[in-house]
Amino acid sequence: MNVANLQLEGLLMAVASINHVLVRKGVLTSEEIDVALRKAEASETSQERSGGMSASSRDAVNFPIRLLELANQCQPEADIPSFSKLARMVGQIKEPYNDQM
């Protein structure tokens, strides 16, 4: 596996863990984090940003956002699932883009 991929995997899990702590400490709610992540995903899938991108490129851009969204859905008292489990979940819940037929 590419070292950069491993670094991104670690970074995503670190951000997920920080988000988890922020919710547990009452700094942010999971709903606030969810709104921020949805806004990020919406801006990345906008026609302006992704107009010339293939569906697989858009999936690649949105993968980290979707992974963090799933991690955010965990209860604050529970442990965050592993990266591999979250990655599988992203693949299972992925929906086609509006322009895909």
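Predicted model: local features only at pLDDT ≥ 70, side-chain atom pairs only at ≥ 80, totals over all residues.

Me: Why is proline 64 called partly exposed?

Reply: The relative accessibility of proline 64 is 26%. Buried means under 20% and exposed means over 50%, with partly exposed in between, so proline 64, at 26%, counts as partly exposed. The C-alpha atoms of proline 64 and leucine 12 are 6.8 Å apart, although 52 residues separate the two along the chain.

Me: What is the separation of the C-alpha atoms of arginine 66 and alanine 14?

Reply: Those two residues are also 52 residues apart along the chain, and their C-alpha atoms are separated by 15 Å.

Me: Why is arginine 66 called buried?

Reply: Arginine 66 lies in helix H4, and its relative accessibility is 12%. The cut-off for buried is under 20%, so arginine 66, at 12%, counts as buried.

Me: What makes the contact of arginine 66 with glutamate 41 a salt bridge?

Reply: The N to O distance between these side chains is 2.8 Å, and a salt bridge asks for a side-chain nitrogen of Lys or Arg within 4 Å of a carboxyl oxygen of Asp or Glu, so the pair of arginine 66 and glutamate 41 meets the rule. This pair links distant parts of the chain, with arginine 66 in helix H4 and glutamate 41 in helix H2, 25 residues apart. Glutamate 41 is buried, as arginine 66 is.

Me: How do you know that aspartate 59 and arginine 66 meet in a salt bridge?

Reply: Their N to O distance is 3.5 Å, and the limit is 4 Å, so this pair also counts as a salt bridge. Both aspartate 59 and arginine 66 are buried. As a general point, side chains of opposite charge can pair when their charged atoms come close.

Me: How many salt bridges does this rule give, and what is the distance in the pair of aspartate 34 and arginine 38?

Reply: The count comes to 3 salt bridges. In the pair of aspartate 34 and arginine 38, the closest N and O atoms are 2.7 Å apart. These two residues are separated by about one helical turn, because they are 4 residues apart in helix H2, which covers residues 30-45. Aspartate 34 has a relative accessible area of 17%, and with the cut-off for buried at under 20%, aspartate 34 is therefore buried.

Me: Which residues does asparagine 72 touch, and is asparagine 72 buried or exposed?

Reply: Leaving aside residues up to four places away in sequence, asparagine 72 touches Val23, Ser30, Ile33 and Asp34. Asparagine 72 is found in helix H4, and its relative accessible area is 11%, which is under the 20% limit, so asparagine 72 is buried.

Me: Why is the pair of phenylalanine 63 and phenylalanine 83 called edge-to-face?

Reply: By the rule for ring pairs, the count comes to 1 aromatic pair. In this pair, phenylalanine 63 and phenylalanine 83 are 6.1 Å apart, centre to centre, with 70° between the planes. Phenylalanine 63 lies in helix H4 (residues 55-72) and phenylalanine 83 in helix H5 (residues 83-93), so the pair ties together parts that are 20 residues apart in sequence.

Me: How many helices and strands are in the protein chain, and where is confidence lowest?

Reply: The protein chain has 5 helices and 0 strands. Its mean pLDDT is 87, and 90% of its residues reach 70 or more. Confidence is lowest in helix H3 (residues 47-50), at a mean of 66, and highest in H1, at 94. Of the 101 residues of the protein chain, 28% count as buried.

Definitions and conventions:
Residues numbered from 1 in each chain as written. Heavy atoms only, no water. pLDDT = per-residue confidence, 0-100. Phe/Tyr/Trp six-rings, centres within 6.5 Å; stacked < 30°, edge-to-face > 60°. Buried < 20%, exposed > 50% of the residue type's maximum accessible area, 1.4 Å probe, protein only. Contact = heavy atoms within 4.5 Å.
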